[in-house]
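Here is a short report on selected local features of one protein model. Keep the sequence and the 3D view at hand while reading.

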Amino acid sequence: AKPALSYPAARRGDTVDDLHGTPVADPYRWLEDPDSAETRTWIDAQNKLTGAWLAAIPARERIAKRLTELWNYERFSAPRQVAGRYFYARNDGLQNQALLWVSEGLKGKPRVLLDPNSLSGDGTTALKRSAVSDDGKLLAYQIAKAGSDWVEVKVRDVDSGVDRSDHLRWVKFSGMSWRHDGSGFYYSRYDAPAEKDQLRAVNYFQKLFFHRIGTKQSADALVYERKDHKDWGFGGLVSEDDRWLIIQVWRGAESKNQVFVRDLRAKRSKTVELITGFEHEFEFIGNHGSKLWFKTDHGAQRGRIVAIDVKKPAQKRWQEIVAETPETLRDVSMVGDRLVCSYLKDARSEIRIHHLDGKLDKVLTLPGIGSAWGFSGKRADSETFYIFTGFTWPTTVYRYDFASGQSGVFRQPKVAFDPAGYVTKQVFYESKDGTSVPMFLVHRKGLKLDGSHRVYMHAYGGFNIALTPSFRVDRLAWVEGGGVYAMPNLRGGGEYGQAWHEAGMKGTKQNVFDDFIAAAQWLVANKYTTPKRLAIGGGSNGGLLVGACMVQRPELFGAVLAAVGVMDMLRFHKWTIGWAWVPEYGTADKAEDFKWLHAYSPYHNLKPANYPATLVSTA
């Protein structure tokens, strides 16, 4: 047996806030300053204790060896074709960051265009988004250092592989969209924060700019801002025909947005507020002249496609192209003069290809239970590429030919693992209020249901995000070692459209915890495991999930892995981008919201109890 852990002492302060007439103790308020000497000392002592304990685990070396073998396989992204050049990411197996490659034509010899591993000595500088000019000659790309949300934007010449002088800073939550002539691109940024506050200052007043190639950032043209709305953000997107600038207006992390439009061909054109009110989601797909196609949940909680004419935008004139179905519409691409629609059917992918008038062309045959995505390209393209993956199916790239209607494997990795011995299945269980909730289970074939198995259950349940089957080496090692992997699709996510999301946000957030707890009870009742053999994990909103469930039902779990969790629900909105989560959670600044937040906030509901073994990690 290992010696008992002796934890670093954490000083209890005497801070008490009065929130709407309720006294709320906050004894560890001093830990909000990550840079104070006292906090640093405490963090270092915690890391030393944890590191020593983990290093002494007997199986650690064997697990590390097997993980290295499994991880050492080639990975590709789906290629993007621009002006006859194909751009894609590739990792040879054990590189920290994937390299960006380019080839002249589909069968041309590939060459490295960008190696993020060379940008820092420790491999922690990551390539985020990139965008290629329409002539295929310039690459705008974003790099992030050490996991920060802040990115820098640079521009590389594709022919020479050399960076140009362009260098943009203070960019966050932004895409890049080129003008057709390659003169420059639209992007979004914030004002520069004070040096000492770069990683914790609250970010408000995002602005949309146009950067002209070869000029300094200080010369960038301000395209749009709203001084009357500090929490609005702006994404600029140029339509494929270079006619329209579509401004997607977002507010926090809510999935509802506004859409403003500017005619790029008209001199002194004004910004037209096409869709206002933050009442629904509108995602721009493409256009034909003044008619713009959108994926929306307006009048369709599980999504539909409508066409809106900028010149006659009244709602009564909207044209429905693809109607709502029982399945949830998650993504749409306009490519090959088709609408490629990605649906979720009980949290697994179904791909339907429609003609531009909405008529169904075909349903794509997929290899099994899994997730498919990609399908990028332009209207005139004759091909598109997509990814298919499953829990035991390595991420494989397929090429789809529109003329023949056939798919073929384009890149398939070789992994030191035989999927034939494993099973992926989906079960449905009842939550506390009778709601039916789906859950994926992955394990060895022939599993005996005798309660003896170690189960790792992972979930998210929030922000309209859908958890779908995906391939991960750490999960493979877990099921290979005899474990069971469980992934319930909780309310709060996007698996069944907006109603499913709204049933697990703000005042209904407890439904999410109830769904997760019910999944644990189902696994025990159906003799997969016992509470002491059941580990749970989640990150960010999923960290909140496992933190709240641990506090509410400590006897139901054997171990908890809480990564970058939102654990203080009364003060999360005071730091960095935390304010953007208020539409999802609510805010303790309001008396009504305070009641439900205080009722489940993990930090405020800890009490003397026999809690499961817990590992809390942060960024």
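This is a predicted model: local features need pLDDT of at least 70, side-chain atom pairs count only at pLDDT 80 or more; totals for chains, interfaces and linings use all residues.

Leu5 sits in the segment before strand 1 (16-19). Its relative accessibility is 37%. That value lies between the 20% and 50% cut-offs, so Leu5 counts as partly exposed.

Thr125 belongs to strand 8, which covers residues 125-132. Is Thr125 buried or exposed? Thr125 is buried, because its relative accessibility is 4% and buried means under 20%.

The side chain of Thr125 makes a polar contact with the side chain of Ser120. The distance is 3.3 Å. Beyond its neighbours within four places in sequence, Thr125 touches several residues. Among them are Gln97, Pro116 and Leu119. Ser120 is on that list too, so the polar partner of Thr125 is also one of these contacts.

## Cysteines

How many disulfides does the structure hold? The count is zero. A disulfide would need a pair of cysteine sulfur atoms within 2.5 Å.

Cys341 has a relative accessibility of 0%, so Cys341 counts as buried. Cys549 is buried as well, because its relative accessible area is 0%.

Key
Residues are numbered from 1 along each chain as its sequence is written. Side-chain values use heavy atoms; hydrogens and water are left out. Buried means under 20% relative accessible area, exposed over 50%, partly exposed in between (1.4 Å probe, protein chains only). Helices (H or I, at least four residues) and strands (E, at least two) are DSSP runs, numbered from the N terminus. A polar contact is a pair of N or O atoms within 3.5 Å; within protein, one must be able to donate a hydrogen and the other to accept it, and residues adjacent in sequence count only if both atoms are side-chain atoms. Contact means heavy atoms within 4.5 Å.
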